[in-house]
Amino acid sequence: MSVGARQLLDAIRGMDLPRKIKIMNVCGGHERSISHAGLRGVLPPQVELIPGPGCPVCICPEEDVYEAIQLALNEPLTLVAFGDMLRVPVNVPRSEPRSLEQAKAAGADIRPIATPMEAVRIACEQPDRQVVFFAAGFETTIAPVAAMMAEGVPDNLLVLLSGRLTWPAVALLLDSGEPGFDALIAPGHVATVMGPEEWEFVVSRHGMPAAVAGFESESLLAAMYSVLRQIQDGEPRLENCYTSAVRPGGNPMARALLARTMDVVDANWRGIGSIAGSGFSLTQEYREHDARLRLPSYHDEARKRVGEMPPGCDCASVVLGKIYPNQCRLYGKACVPRSPIGPCMVSDEGACRIWWSGGVRNGDAENAKPTLRAQ
Ligand code: SF4
């Protein structure tokens, strides 16, 4: 831990906190940093950190994953997707492929990629074969997809888009009147692209303290100290604790590319349901590359059911910050990273997987706060 981080931790420990304060850290990357650094274990007992809906793999709706699986199994095409998406399970009979990984094992041409440009390369290498890019992710992932589209893609490359904006999910929690947290740590990477202003509504509409954080312990502790001070002083505001990367207005070029290539639409979130203005779809100019318009439909409306998770899986409650990962009955028993039951145990940004990888083994629902030590 850096000297600066240690000083911030000492400052937090020295605060006179009158009551339990719950801080939601929205971003899966933040959750990973917090868990790997063991920050929960060194904070005062009155401070709780709750992981939020910031894992794109966890909230990717089941119907989109199902559609990708069926396209790959039934159509003469190559399907490419970011690696984490390959292991996301859907609810189908055990006799059928339950993930893209299992569809691949069953003979479908499915390939993991790390960047949109790999999708372009694969399409260029096989001009006579259709390539479908299953593009799921938040603003930080969809901005490079927007850049890819604006630059121009081969005719045989189609996009099955499942992009989401993060702030509407937090707005949904706050608008519910029972968010279950007292302050917010806003996602640094998203703010880098979209600008910190996107999170002003947390303060202006809900009077809740908020701070944008980076991914080092020092930046995260600075954001925690900021929101705790705001609560203590009774003066909520939005503070940018990631000034090395987050600028007012975000990244103008990335935002312009998003505006040119993507419309903002209502969208379904796995475990949460439809959220107004929370999804991306290709603009009219790029519709000829929309896989949903160009290929046979395998869309299954029944899969849109709110809260659709595998039986026994509490991912919906985990992504909404209602419970900790180790409060799920299946955590570490039926569900482990090697054989995940729900999407939160799949992704590197999924809270269940992060906690398991971080060594959290206790499933005591009464004392769910893990006791890992800071490094
Ligand atoms: S432990 Fe597994 S089953 Fe339980 S919420 Fe997490 S991913 Fe779902």
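Welcome: helices α6 and α7 are oblique to each other, and this tour of a predicted model starts with that pair.

**First stop: α6 and α7**

Select residues 116–125 for helix α6 and residues 139–151 for helix α7; their axes come within 9 Å and cross at roughly 40°. Now show the side chains where the two helices meet: P116, M117 and V120 belong to α6, while P144, V145, M148 and E151 belong to α7. Colour this contact by class and you will find six nonpolar residues, one charged residue and no polar ones.

**Second stop: α2 and α11**

Next, select residues 28–37, which form helix α2, together with residues 217–233, which form helix α11. Here the axes lie 10 Å apart, and the packing angle is about 105°. The two helices are therefore roughly perpendicular to each other. Which residues in α2 meet α11? Look for H30, S33, I34 and A37, which face S217, L220 and M224 in α11. This contact holds four nonpolar and three polar residues, with no charged ones.

Finally, select the ligand and bring up the residues around it: C313, D314, C315, C328, L330, Y331, C335, I341, G342, C344, M345 and C352. Sorted by class, this shell has 10 nonpolar residues, one polar and one charged. If you display cavities, the space taken by the ligand is the largest cavity.

Notes
Residues are numbered from 1 along each chain as its sequence is written. This is a predicted model: local features need pLDDT of at least 70, side-chain atom pairs count only at pLDDT 80 or more; totals for chains, interfaces and linings use all residues. Side-chain values use heavy atoms; hydrogens and water are left out. A residue is near a molecule or strand if one of its heavy atoms lies within 4 Å of it. On a 1 Å grid over the protein atoms alone, a cavity is a set of points where a 1.4 Å probe fits but cannot get out, and a pocket is an open set with protein on both sides within 12 Å along at least five of seven lines; lining residues have an atom within 4 Å of a point. A molecule sits in a cavity or pocket if more than half of its atoms lie within 2 Å of its grid points. Ala, Val, Leu, Ile, Met, Phe, Trp, Tyr, Cys and Pro count as nonpolar, Asp, Glu, Lys and Arg as charged, and the others, Gly among them, as polar. Axes are lines fitted to C-alpha atoms, for helices over the stretch in contact, and angles run from 0 to 180 degrees between N-to-C directions. Helices (H or I, at least four residues) and strands (E, at least two) are DSSP runs, numbered from the N terminus. Angles under 35 degrees count as roughly parallel, over 145 as roughly antiparallel, 65 to 115 as roughly perpendicular and the rest as oblique. Contact means heavy atoms within 4.5 Å.
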